[in-house]
Amino acid sequence: MEFDLSPRTVELRDRIRAFLDEHVYPVEIEAMRALDDEVRPGVAYPEILVGIRERARSEGLWNMFMPDERYGPGLLNWEYAALCEEMGRSPAIAPMAFNCSAPDTGNTEILAEHGTDEQRERWLQPLLDGETRSCFSMTEPEVSGSDPTTLRTRAELDGDEWVINGHKWFTSGAVGASLAIVMVVTDPDAHPYARASMICVPTDNPGFDLVRSVPVMGHSGGPGHCEIRYTDCRVPASHLLGPRQAGFVIAQDRLGPGRIHHCMRAIGTAERAIEMMSRRASEREAFGSKLADKQFVQDFIAKSRMEVDQARLLTMLAAWKMDTAGKRAARQEISMIKVVAANMVMDVLDRAIQVHGSLGMSDDTPLAWMWRFSRMLRVADGPDEVHKMVIARREINRWSKKDEGPTQDGGGEGAAAPAPEETPAKV
């Protein structure tokens, strides 16, 4: 394994750093407020972000997540991971600045991979051009979000139209989005993992009802995490994304890279928190000396540095394995990083808030909103507990066949079972 970045990736990373320093950090708090105040149905981005996005696109810092060279720079997962880390230093604003924000990234990838020519022209190209936003509508309030085999929202074929009826929530990014990709049950009597399909639904379609933006830790502004009702929502049969009964497979295609992106952004968030914690400790005095001289604070910083570097190496391993052996072979590493990075970033942010005292609890620094933003990672894209369950199951199966010995990829029958699915607070 070699994690030395290519000259091209180093150049992109350095340009992103410079762009953030010049155009994002100085207006970060203002942009966060504008997201809440200006985004609404029909308005995808606040005015302040429109200008920043236009500049980023003109400088070629655009769609860097797309591995397909027809649509983006064609970076490998572990190469893009390094860029994701830089964007994670401002996790709500920086990804939007470069058109690399979830859920658009995952939706763009599956439209490119599974969409028809007509679907790509109608929905993929505007997303790539930054003209629209999208949302992913899967989780339902009446059933467990971590078990997609229990989904209830139905789509029935009536002539040449799908008729959708159901109730979704935590459809992230729905406010201001033009397209919803909806996971629905089309074949209720099929195998549990073949019951569902994906359907593209324009958000201005009759029967698509955005009920509300669900308040999350007191926040309900911006693109939101939304409750949606589909009531006799009719769309053409041609809006089916990919094959019928392939909803679960397409969802998994969406999740592998997305988990890498989330984890590397979490590492970037934690890096910024360490920087802020260290600066605060060096400047602030209490009881006759700098906070940096206090053993407890030194312990905070040392632990944070060790944990961030450990998480980064594990995430890069998962990304490298995806690139060299494929998503399926990397399932164990992807589950492990999802648990490790999501917990690590919360621990580091908590220490940084503690060192800042009451200032850290306020919104006068990015720490409090980064904490609120990051907490969902322990739930989104599979909760910790489900990932730990499949990690253990694969490891047990790896060693359970004594005659055969361990398999290279942690195999065994159980290891082939589907990984945990996307869950509430999808982003």
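Is Cys233 buried or exposed? Cys233 is buried, at a relative accessible area of 0%. Keep in mind that this is a predicted model. The structure holds zero disulfides, and four aromatic pairs are counted. Helices α8 and α9 run roughly antiparallel to each other.

**Cysteines**

- There are zero disulfides in the structure. A disulfide would need two cysteine sulfur atoms within 2.5 Å.
- For Cys233, the closest cysteine sulfur belongs to Cys135. The two sulfurs are 12 Å apart, which is too far for a bond.
- For Cys263, the closest cysteine sulfur is that of Cys84. That distance is 9.9 Å, again too far for a bond.
- Cys263 has a relative accessible area of 2%, so Cys263 counts as buried. Cys233, at 0%, is buried as well.

**Aromatic pairs**

- A pair of aromatic rings is described by two values: the distance of the centres and the angle of the planes.
- The count comes to four aromatic pairs. One of them joins Phe19 and Phe98.
- The Phe19 and Phe98 pair is tilted. The ring centres are 5.3 Å apart, and the planes stand at 55 degrees.
- Where do these two residues sit? Phe19 lies in helix α1 (residues 7-24). Phe98 lies in the loop between α5 (94-97) and α6 (104-114). The pair therefore ties together parts that are 79 residues apart in sequence.
- Both Phe19 and Phe98 are buried.
- Trp169 and Phe170 form an aromatic pair that is edge-to-face. Centre to centre the distance is 4.7 Å, with 80 degrees between the planes.
- Trp169 is partly exposed, because its relative accessibility is 24%. Buried would require under 20%.
- Phe170 is buried, with a relative accessible area of 13%.

**Helix contact**

- Which way do α8 and α9 run relative to each other? Helix α8 covers residues 247-283, and helix α9 covers residues 295-325. Their axes come within 10 Å and cross at roughly 160 degrees.
- Angles over 145 degrees count as roughly antiparallel. The two helices, α8 and α9, are therefore roughly antiparallel.
- The crossing of α8 and α9 is left-handed.
- The residues of the contact of α8 with α9 divide into 18 nonpolar, four polar and four charged.

Definitions and conventions
Residues are numbered from 1 along each chain as its sequence is written. This is a predicted model: local features need pLDDT of at least 70, side-chain atom pairs count only at pLDDT 80 or more; totals for chains, interfaces and linings use all residues. Side-chain values use heavy atoms; hydrogens and water are left out. Axes are lines fitted to C-alpha atoms, for helices over the stretch in contact, and angles run from 0 to 180 degrees between N-to-C directions. Helices (H or I, at least four residues) and strands (E, at least two) are DSSP runs, numbered from the N terminus. Angles under 35 degrees count as roughly parallel, over 145 as roughly antiparallel, 65 to 115 as roughly perpendicular and the rest as oblique. A crossing is left-handed if the near helix is turned anticlockwise from the far one by less than a right angle, and right-handed if clockwise. Ala, Val, Leu, Ile, Met, Phe, Trp, Tyr, Cys and Pro count as nonpolar, Asp, Glu, Lys and Arg as charged, and the others, Gly among them, as polar. Buried means under 20% relative accessible area, exposed over 50%, partly exposed in between (1.4 Å probe, protein chains only). Rings of Phe, Tyr and Trp (its six-membered ring) pair if their centres lie within 6.5 Å; planes under 30 degrees apart count as stacked, over 60 as edge-to-face and the rest as tilted.
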